[in-house]
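Thanks for passing this one along. Here are my notes, point by point, to read beside the coordinates.

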Amino acid sequence: MSESAYEKGMTTRRLVLGDAHVDRASANATPFDEAFQRHITVRAWGDVWSDPHLDKRTRSLLTIALLAALGHHEELEMHVRAARNTGATAEDIRETLMHVSVYAGVPAANRAFAIAKRVQAELADDD
């Protein structure tokens with residue numbers, strides 16, 4: 001029997017974001033947003049992130065670039081933290097943000113660098 005899109009999404013979501021994050025998000029779901037949580041698990045994690053055409057490292061760096069360019073700072077922080085689970089290195093993130101500076105602007109990259117620098121320092125302290 002094949003895995004459902006939800007199960008596949010939950011597996012990928014846990015692989016990338018970690019069990020603690022997914023457990024918190026699941027515990028915090030309410031009747032108001034549980035359909036949204038299911039939607040992102042199926043569509044983002046079960047369809048897009050689980051597609052084998054791009055590896056998780058590449059998807060991680062694309063996500064970081066898009067979130068930085070669009071100014072979605074909370075999500076950017078989460079994905080910089082999650083990058084360690086996808087094989088993306090600090091150097092990969094730096095080069096991704098350099099790309100953001102050229103194509104989305106220095107202010108967007110400047111803020112993203114500050115977030116990434118803080119998250120990487122936190123992760124180093126945890127090690």
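Which residues have the most contacts inside the largest nonpolar core? Before the points, a word on the basis: this is a predicted model, where local features need pLDDT of at least 70, side-chain atom pairs count only at pLDDT 80 or more, and totals for chains, interfaces and linings use all residues. Residues are numbered from 1 along each chain as its sequence is written, and side-chain values use heavy atoms, with hydrogens and water left out.

1. The main core. The residues with the most contacts inside the largest nonpolar core are I64, A68, L76, V80, I93, L97 and V100, and the core has 18 residues. By nonpolar core I mean a set of buried Ala, Val, Leu, Ile, Met, Phe, Trp, Tyr and Cys residues joined through side-chain atoms within 4.5 Å. Buried stands for under 20% relative accessible area, exposed for over 50%, and partly exposed for in between (1.4 Å probe, protein chains only). At least two residues of this core come from each of α4 (56-70), α5 (73-82), α6 (90-103) and α7 (106-126), and α7 gives the largest share, seven residues. Helices here are DSSP runs (H or I, at least four residues), numbered from the N terminus.

2. Around I93. If neighbours within four places in sequence are set aside, I93 is in contact (heavy atoms within 4.5 Å) with L61, I64, V80, A83, A116 and Q120.

3. Helix α5. Do have a look at α5, where L76, M78, H79, V80 and A82 are buried. The cover over the buried residues of α5 includes α1 (5-17), α2 (19-28), α3 (34-48), α4, α6 and α7.

4. Salt bridges. How many salt bridges does a search of the whole structure find? It finds ten, where a salt bridge is a side-chain nitrogen of Lys or Arg within 4 Å of a carboxyl oxygen of Asp or Glu. In one of them, R14 meets D23 at 2.9 Å, N to O; R14 is partly exposed at 27% relative accessibility, and D23 is partly exposed at 39%. R94 pairs with E95, their closest N and O atoms being 3.3 Å apart. R94 is partly exposed at 40%, and E95 is partly exposed at 46%.

5. A charged network. R118 and E122 form a salt bridge at 3.3 Å, N to O. Both lie in helix α7, four residues apart, about one turn of the helix. Salt bridges that share partners join E77, R81, R118 and E122 into one network.

6. A residue to check: R13. This residue of helix α1 is buried yet has no salt bridge, and the nearest side chain of opposite charge, E75, is 8.0 Å away. For charge, Lys and Arg count as positive and Asp and Glu as negative, while His and the chain ends are not counted. With neighbours within four places in sequence left aside, R13 is in contact with G18, V22, A25, Q37, I40, T41 and W45.

7. A nonpolar patch. L54, L62, L66 and L70 make a nonpolar surface patch of about 380 Å². L54 lies in the loop between α3 and α4 and is partly exposed at 31% relative accessibility. Patches are made of residues with over 30% relative accessible area and no salt bridge; like charges are joined within 9 Å, and nonpolar side chains (Val, Leu, Ile, Met, Phe, Trp, Tyr) within 5 Å. Accessible areas come from the Shrake-Rupley method with a 1.4 Å probe, and for residues only the protein chains shown count as cover.
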